[in-house]
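Subject: Structure for your files

Hello,

Here is the structure for you to look through. My notes follow below it.

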Amino acid sequence: MKVGLFVTCLVDLSRPGIGFAALKLLEGAGCEVVVPETQTCCGQPGYNSGGREIAKALARKVLAEFRDCDYVVAPSGSCSGQMKVATVHDLFQGEPDLPEFEALAAKWYELSQFLVEVLKVDAVPGKFEGTVTYHDSCSGLRELGVKMQPRYLLQMAGAKIAEMEGAERCCGFGGTFSIKLGEISTRMCENKCESIRATGAGAIVGGDLGCLLNIEGRLRRTGDKETKVLHFAQVIAGEG
Amino acid sequence: MQVQSMFFKQRASEKLGDELLQGNMRKAKGKFVDGRAKAVAEFGVWEEVRSHAAKVRDRALANLDAYLLEFEANATRRGAVVHWAETAEEACAIIVGIARANGVRKAAKSKSMVSEEVNLNEALEAAGVEVIETDLGEYILQLAHEPPSHIVAPAVHKSKEQVAELFVKAHGKPRLTEIPAMTREAREALRGHFLGADMGISGSNFVIAETGTTLTVTNEGNADMVTTLPRIHVVITGIEKVIGTLEDFATLIRLLPRSAIGQTVTNYLTLTTGLKMPDEADGPEQMHIVLVDAGRTKLVGGPMQEMLRCIRCGACMNHCPVYQNVGGHAYGWVYPGPMGSILTPVYVGLENAGDLPNAATFCHECAVACPVKIPLPELMRKLREQQFDRKLRPWPERLAIAAWAFAVKRPALYAFLSGIGARVAKWMGGREGLIHSLPGLDGWTKGRDMPAPAGRTFRELYRQRSLERR
Ligand code: SF4
């Protein structure tokens, strides 16, 4: 089974460890993983800024890069939403290459969904002692239905999960929103951090690096240097 | 209402600093969101009815002209006079004209967002008509000289204590502390106005084509006074509120109060079909129905048409994390929250409301909550696309996107630049690995640190790993 890893631009730039954790999990489960070297970004920042043509150009680029893979996996619900939902339901509606994007969408998976639903893993290499709380990122949750999969995997690694109040509420990241409307974004993030603190968990875990950088940035600014901020892939791969 | 939507950012910033408001908003949030969630869970077939409701609204919009004419014919047959107002000014002129022709001195109003939209109160007051808002929330705001901050609960931004204060000033009675007593006092103050008004003005949640019916959905019963006691009843509503049949209404009314505040049914639900019949005791002598366009037809048949499905339930704002934090006044016009972030730019001009379509993280809570399945985030994105195409966003933002787009399409260049970026940013993060301020990104770094990158990109490390393995 040939699996293409879509690293995501944020992981590539900021937290390569998440990419290697994903790689380890997929290879460990017996997949032949390819990482096309020319990949950059799914195009969502352009799409959400109103740059439709930029988004389409990048989507076509991704399509070409992963054409010969049986599956494509990304450690992000947000980028996966872009490639599974936005392309098919909006960007390429009425375009001749719609069927190709439909095929891409069908073989594209968010990492936790791939591990649980396709690979049906029943063990993970990581061991985690202690309590975590899980933040549900919006796109993964509401566009793709990512909810139980990462929790299931975290528990497999031994983590206890203390649910926070409003786990499904947006952390305020929203891509460029976090800069354009930074003050509102910060407040939304502070609300999220309040919920996180109230759980007393030693780590806040999520599945989208944008949200995680946002949350980490706010926790650190408000003096919390202790709480770990981790991608679930790091935890279950044993690289947290 | 004067358009202030161009100042969204500043206004939002003020609201974020308003501790009192923040406390009031926090209290309201739970009530709306939890109430709706419970009502939806109990309902059982929510998604099915929701899909049907969206179809009902789409059918009405597809047949808008025919339904409106059918409505006019049926309402006229029952003795009402139907007026067509193409603009806000026309709507006011029509109602002021009716008031003048009939020597109206006092008008009692029940809640109507369209009347806020067209500035009806100001127009009537300028013509010498005293206007009294009789919806409790609107009454409070009239005393406070403030516009509504929510389309269903207009005074949701006020606390009990703030209202008590206003009542002491207005009623000249001792300060009350309990809500039921305060409500009673307001009722007493309003009773005289109901009896003394020459004109009653109401909105209409829907207008029904097959019967010529207008209707009000309230919890206080004030609309029933307004529509029956004064000798003239004026209904003002938007043309998009037309639906085909009573059957359609039955579908929509199952969703409206549940979506709004989690009620299965409101205390009062009144359908008014024309004037009183010869054998009926109550009702006005004249009934005028003013159907307002004010930009609505521009949406018909266009990319934003789905917005006209809106049944004004308020669920989208109740569930919006931006609205929850800044409140309705920040949005600067009549309609707040996600629906307002679309309606305001559409009705008052995108150039006057540039931040509103951007005031969303696309978290999709609104789209999930909307009872008529309006794809609110997608519509906001369409507005962003218009801004992009018309170059309406500030130039630094446009430049940044253009530069990003240039690089991201060129893998070699991108690899080179991101490699440098990762190193520089790591260096900036120092030992802690945190960047405290970044030029151009102060929107982020004012309230948050930027966790610094690891230093080398995945791309580089992966290539290295591949070489080592070979
Ligand atoms: S857009 Fe939908 S959720 Fe918002 S007020 Fe209208 S009907 Fe209600």
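**What was found**

Chain B is divided into domain 1 (1-44 + 314-393), domain 2 (48-298) and domain 3 (396-469), with bounds from an automatic or database domain assignment. The centres of domain 1 and domain 3 of chain B, taken over C-alpha atoms, are 32 Å apart.

This is a predicted model, in which local features need pLDDT of at least 70 and side-chain atom pairs count only at pLDDT 80 or more, while totals for chains, interfaces and linings use all residues. Residues are numbered from 1 along each chain as its sequence is written, chains are lettered from A and ligands numbered from 1 in the order in which they are written, and side-chain values use heavy atoms, with hydrogens and water left out.

On the interface, 62 residues of chain B are in contact (heavy atoms within 4.5 Å) with 63 residues of chain A. The two chains bury about 5300 Å² between them, 61% of it on carbon and sulfur atoms; this is the accessible area (1.4 Å probe) lost on being put together, summed over both.

Seven salt bridges are found across the interface of chain B and chain A, each a side-chain nitrogen of Lys or Arg within 4 Å of a carboxyl oxygen of Asp or Glu. One of them joins Lys225(A) to Glu432(B), with the closest N and O atoms 3.7 Å apart. Helix α21 (residues 458-469) of chain B gives seven residues, the largest share of the chain B side that touches chain A; helices here are DSSP runs of H or I, at least four residues, numbered from the N terminus.

Regards

How values were computed: Helix = DSSP H or I, 4+ residues; strand = E, 2+ residues; numbered from the N terminus.
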